[in-house]
Amino acid sequence: MRRYLVISALIFALVSVAGVCANYTITVWPYGAIVWVQTPSADAHSITDYATKAVKNVFSFWDEPVPIPAKNWARPEKVSFPTAMARFNALLDAGSRHYAVVTSVNTSVSSLYPPLTWNTNVIYPLFLYFYPTAEAMDYDFADYSFWGSYGRRYSYTPRRIDTTLPSTPTPKEIFIAHNTDWHYIIDHELTHWVTDLICTHAGSKFEALPLVITEGMAGYTAHSLTGDENGWKQIAAVWAQSDGKLDDVPPPLDYDVGTSVVAYLVQQEGKQKFLDSLPKFAADWPKEAVAITPGWRAWLHEVKVADGDRTLYEARLESLSLCAWLLDPVLPQEARTVIDHIYTGHGTMANITQFWKIISVVPPQPSDDVLTRMFHREDTFVIVANRDHTHQALAAQVKNNLGKYWQDWDNYYTWFVIGLRKVIAACGNPT
Ligand SMILES: [Zn+2]
């Protein structure tokens, strides 16, 4: 599978060189590169600085050695190849040696980013793509359901990144958008890198781990390092106290319930023993989950849950923040206020009903620009439904009707909200 990934990435690298304007700037980084998509951020320096320290913090948090940069990391070797076939062969060779080969758009010159050393293993460098806004990032992926991601380029066939990002064969990539939570998101995504490395070198597979564990580790690490609590314990307690199980956690609760599971296991048996259990979790999570559940429930039994926590739990379950983001181009201020209220832990159940009531009213016909931003979001219904393997027929129907009514705002909006209610709120955001 890994070999296949590398080869398909190289073919991709070869194909996507032709005829497109570069729209990014690359900063060489000890662990690979930071790619500023569109334009470098005004705080590029502090982001680079933070990301560099975050690698050390996140690996050290798990008592793992920090990857060691190659001696020549600051000056990636530039090479050019006389023919496409020569380049293909060279890229294949470089890929098998864990180099990242970046071919700049419109030239035949490639840069070779050297591998890192981790735990005596040779590993791929990491590429961190930083977008100026979530809107720009989600547009590139034609998927408006995420704010940060590890390795997403290879998880499905995105529509637009082929022409906007540099082609690189390394499967180790992080995508982040500039928003108020970027520190937290960097820590979160870097934890996926550590987890992936630990799993791979233990002969297991990162992708085989349940989301409760991967998102739980990332949440536990990022919450611990940033001190941002975000209510995970209370949300997990609502699920545990209502006899929730660990092998069928609803996808929107994976993050909070996962954080609680990892916090519980680390407290019980320590970090090393927890990490040693990863291959076991990847091999048969349903079995392991049954064994963990009673102790985990008892651990959360005494947690006091206030009305605001219960409301936040319900909001998470219905993916209200994702619904609000999908509707962002036309979302009324009143709905934003309700969302803020709920997500800062001050909401009541009536606020959930209130949110749906506000957005059920068709807003005035928007401008063409705003409407275009709505059109860009349409694929998300299908993508989210496919991830969960439920509601696929309904998502297809929503997408179809959005296409049909693109010039009829009342009908268009009505179908958009049906999509939010019946697809997004029903099967959530499992990313
Ligand atoms: Zn994650």
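Contacts between residues 24 or more positions apart make up 74% of the chain's contacts with a separation of 6 or more; two residues are in contact if their C-beta atoms, placed from the backbone, lie within 7 Å. This is a predicted model: local features need pLDDT of at least 70, side-chain atom pairs count only at pLDDT 80 or more, and totals for chains, interfaces and linings use all residues. Residues are numbered from 1 along each chain as its sequence is written.

**Overall make-up**

- The chain has 20 helices and 10 strands. Both are DSSP runs numbered from the N terminus: helices are H or I with at least four residues, strands are E with at least two.
- Of 431 residues, 42% count as buried. Buried requires 20 or more other C-beta atoms within 10 Å of the residue's own; exposed is 12 or fewer, and partly exposed lies in between.

**Helix pair α2 and α6**

- The axes of α2 (residues 44–61) and α6 (residues 182–201) come within 9 Å and cross at roughly 50°. Axes are lines fitted to C-alpha atoms, for helices over the stretch in contact, and angles run from 0 to 180 degrees between N-to-C directions.
- That angle makes α2 oblique to α6. Angles under 35 degrees count as roughly parallel, over 145 as roughly antiparallel, 65 to 115 as roughly perpendicular, and the rest as oblique.
- From α2, the contact uses Tyr 50, Ala 51, Ala 54, Val 55, Val 58 and Phe 59. From α6, it uses His 183, Ile 186, Asp 187, Leu 190, Thr 191 and Val 194.
- By class, this contact has 9 nonpolar, 2 polar and 1 charged residues. Ala, Val, Leu, Ile, Met, Phe, Trp, Tyr, Cys and Pro count as nonpolar, Asp, Glu, Lys and Arg as charged, and the others, Gly among them, as polar.

**Strand pairing around β5**

- Strand β3 (residues 77–80) runs antiparallel to β5 (residues 109–113), joined by 4 bridges. Two strands pair if DSSP finds at least two bridges between them.
- In this pairing, Glu 77 stands opposite Leu 112 of β5.
- β4 is also antiparallel to β5, with 4 bridges. Thr 103 has Ser 110 in β5 as its bridge partner.

- His 98 has a phi near 70°. His 98 lies in the loop between α3 (84–96) and β4 (100–103). His 98 is buried, because 20 other C-beta atoms lie within 10 Å.
- Asp 243 has a phi of about 65°. Its loop runs between α8 (232–241) and α9 (254–269). Asp 243 is exposed, because 8 other C-beta atoms lie within 10 Å.
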